[in-house]
Amino acid sequence: MDKIEFVYDTQMLVEGEGIPVDDVRAHLEHTPPGDSLLVAGDDELVRVHFHTNEPWAVMEYLTQFGVIYDVVIENMQRQSEGLKG
């Protein structure tokens with residue numbers, strides 16, 4: 001069975017004022033490690049989708065910009081194993 005490099009599919013919305021969308025994207029491109037990054041929205045509402053092994057680091061970083069909600073963190077390795085069983 002193939003091992004997934006970045007296990008957690010991490011998704012959330014951030015609502016605030018003056019959210020620097022480009023800075024958020026640039027930061028998450030380097031910290032924490034991951035792939036499949038999507039940062040979309042404007043300075044008041046941003047949607048983040050990211051595959052990482054450190055979803056808590058994404059949440060901790062984003063809390064400085066506003067309220068986080070609609071959080072979804074799914075273990076893609078377990079999903080993959082379940083589908084092959």
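Author: Accessible areas come from the Shrake-Rupley method with a 1.4 Å probe. The model before us is a predicted one, and its accessible surface comes to about 5300 Å², of which 49% belongs to carbon and sulfur atoms.

Reader: How many residues does the protein have, and what share of them counts as buried?

Author: Of its 85 residues, 35% count as buried, and the C-alpha atoms fill a box of roughly 45 × 25 × 20 Å when this is taken along the principal axes.

Reader: Which elements make up the secondary structure, and in what order do they run from the N terminus?

Author: There are three helices and four strands, and from the N terminus on they follow the order β-α-β-β-α-β-α. Among contacts between residues at least 6 apart in sequence, 69% join residues that are at least 24 apart.

Reader: How should I describe a pair of packed helices, and what are the values for α1 and α2?

Author: Two packed helices are described by the angle between their axes and by the distance between those axes. Here the axes of α1, residues 21–28, and α2, residues 55–62, come within 12 Å and cross at roughly 155°. Angles over 145 degrees count as roughly antiparallel, and therefore α1 is roughly antiparallel to α2. The crossing of α1 and α2 is right-handed.

Reader: Which residues meet where α1 and α2 are in contact?

Author: From α1 come Asp 23, Val 24, His 27 and Leu 28, which meet Val 58, Tyr 61 and Leu 62 of α2. The residues of this contact divide into five nonpolar, one polar and one charged.

Reader: Turning to the backbone, where is there a cis peptide bond, and what is its omega?

Author: The bond that joins Thr 31 and Pro 32 is cis, with omega about -10°, and Pro 32 lies in the loop between α1 and β2, the latter spanning 34–41.

Definitions and conventions
Residues are numbered from 1 along each chain as its sequence is written. This is a predicted model: local features need pLDDT of at least 70, side-chain atom pairs count only at pLDDT 80 or more; totals for chains, interfaces and linings use all residues. Side-chain values use heavy atoms; hydrogens and water are left out. Axes are lines fitted to C-alpha atoms, for helices over the stretch in contact, and angles run from 0 to 180 degrees between N-to-C directions. Helices (H or I, at least four residues) and strands (E, at least two) are DSSP runs, numbered from the N terminus. Angles under 35 degrees count as roughly parallel, over 145 as roughly antiparallel, 65 to 115 as roughly perpendicular and the rest as oblique. A crossing is left-handed if the near helix is turned anticlockwise from the far one by less than a right angle, and right-handed if clockwise. Contact means heavy atoms within 4.5 Å. Ala, Val, Leu, Ile, Met, Phe, Trp, Tyr, Cys and Pro count as nonpolar, Asp, Glu, Lys and Arg as charged, and the others, Gly among them, as polar. Buried means under 20% relative accessible area, exposed over 50%, partly exposed in between (1.4 Å probe, protein chains only).
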